[in-house]
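Welcome, and thank you for opening the viewer.

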Amino acid sequence: MTIELSRLDNLALLTINRPHALNALSFAIIQEIGSALDAVAGMADVRALLITGAGDKAFCAGADIKELRNRPLIDQKRGSEFGQGVFAKLDTLPVASIALINGYAFGGGLELALACTFRLASPVARMGLPEIKLGLIPGYGGTQRLPRLVGESRALEMILTGRTLNAAEAAAIGLVNKVVEGDLIAAGKAFAAEFAGYSLRTLEFARRAVQRAEKLPLVEGLRVEADLSTLAYRTADAEEGMAAFEEKRRPEFKDD
Ligand code: CO8
């Protein structure tokens with residue numbers, strides 16, 4: 001298996017382990033990622049997912065270019081839809097995900113990171129959508145997720161030039177949340193610890209509401225917010241959180 005799924009206390013860690021090919025994504029590996037995400041969705045005691053690449057060079061250098069040549073068009077289209085579908089599992093995963101970009105994140109590798117809820121990068125990370133240099137354009141969600149994250153103009157700049165950004169440049173445009181020195185997995189654990197203790201149900205309501213923001217006109221988005229914030233209000237955890245405030249104690253959330 002190229003995809004390794006392990007546990008770090010209350011977190012799951014998915015590692016793409018194909019360092020000799022800079023963790024490039026064959027279709028078989030994408031299938032494995034899909035199965036691993038399904039497994040994480042079924043783990044009741046997991047509070048966040050970390051994703052990283054094995055080795056010291058790459059998070060993931062993108063789709064396996066060697067697999068892409070001489071394919072019937074229909075297979076290519078289905079391949080793109082397949083990868084999009086697997087990465088979209090991150091949108092509906094019950095827990096937030098954090099891409100730990102430990103080196104190169106190109107093409108489909110960056111698209112995987114873009115599908116995560118958050119992105120942390122080591123100072124040596126390098127990111128880009130270089131498909132244009134291959135005569136291609138992104139096919140695993142990059143043209144849709146990147147502009148939502150950094151705006152149309154910056155996304156077009158990256159996609160049309162295929163330019164490589166370093167970690168500081170990526171942080172400056174909001175492509176990554178943070179650049180962290182040292183142990184990236186420890187940084188991922190610390191980042192997750194900032195939210196993983198809150199109610200899982202409430203965290204999910206918040207993610208659902210924010211996910212709709214880019215897709216809906218403001219009036220409709222505000223309606224979604226009113227509905228989801230009311231659902232959050234109805235949880236036992238909301239009752240506990242507000243009671244704990246009044247009683248000047250730490251809340252004990254039960255994901256209920
Ligand atoms: N696919 C296959 N093999 C790769 C890939 C890749 N994307 N990237 C690197 N490798 C392999 C190399 O071929 C090499 O293998 P070998 O030793 O057998 O020759 C090994 O990894 C090490 O790579 P390099 O020697 O090139 O390492 P460098 O440190 O010199 O360079 C780079 C690192 C800059 C990352 C370079 O490897 C590179 O440019 N890689 C390609 C990056 C790229 O273009 N990614 C985008 C791919 S296209 C894509 O992701 C489209 C997604 C949607 C497709 C929809 C499909 C249905």
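The tour below goes from sheets to helices and ends at single residues.

Before selecting anything, note that this is a predicted model, in which local features need pLDDT of at least 70 and side-chain atom pairs count only at pLDDT 80 or more, while totals for chains, interfaces and linings use all residues. Residues are numbered from 1 along each chain as its sequence is written, and side-chain values use heavy atoms, with hydrogens and water left out. Helices (H or I, at least four residues) and strands (E, at least two) are DSSP runs, numbered from the N terminus.

**Stop 1: the four-stranded sheet**

Select β4, β6, β8 and β9. In that order, these four strands form an open sheet with mixed pairing. Two strands count as paired if DSSP finds at least two bridges between them. At the edges lie β4 (58–60) and β9 (165–166), each of which pairs on one side only. β4 runs parallel to β6 (residues 104–106), and two bridges join them. Zoom in on Cys-60 and you will find Ala-105 of β6 opposite.

**Stop 2: β5, β7 and β10**

Next, select β5 (residues 97–101) with β7 (residues 118–121): they pair in the parallel sense over four bridges. Ile-101 stands opposite Ala-121 in β7. β7 also pairs with β10 (residues 178–179), again in the parallel sense, over two bridges. There, Leu-120 has Lys-178 of β10 as its bridge partner.

**Stop 3: α3 against α9**

Show helix α3 (residues 73–92) and helix α9 (residues 200–213). Their axes are 10 Å apart and they pack at an angle of about 125 degrees. The two helices are therefore oblique to each other; angles under 35 degrees count as roughly parallel, over 145 as roughly antiparallel, 65 to 115 as roughly perpendicular and the rest as oblique.

**Stop 4**

Which residues of helix α11 (residues 236–246) are buried? Select Asp-237, Ala-238, Glu-240 and Ala-244. Buried means under 20% relative accessible area, exposed over 50% and partly exposed in between (1.4 Å probe, protein chains only). Look down the axis of α11: its buried residues fall within an arc of 160 degrees, so they line one face of the helix. That arc is taken over the directions from the helix axis to the C-beta atoms. What covers these buried residues includes α10 (218–233). On the other side of α11, Glu-239 and Glu-246 are exposed.

**Stop 5: backbone details**

Just after α11, Lys-248 takes a positive phi of about 55 degrees. Asp-255, in the segment after α11, also has a positive phi of about 55 degrees although it is not a glycine. Asp-255 counts as partly exposed because its relative accessibility is 27%.

Finally, go to the loop between β2 and α1, where Asn-23 is found. Asn-23 has a positive phi of about 60 degrees, and at 0% relative accessibility it counts as buried. The loop between β2 (11–16) and α1 (27–41) also holds Ala-21, which at 24% relative accessibility counts as partly exposed. To finish, draw a C-alpha to C-alpha distance from Ala-21 to Ala-58: they are 37 residues apart in sequence and 9.1 Å apart in space.

Note on methods. Contact = heavy atoms within 4.5 Å. Axes fitted to C-alpha atoms, helices over the stretch in contact; angles between N-to-C directions.
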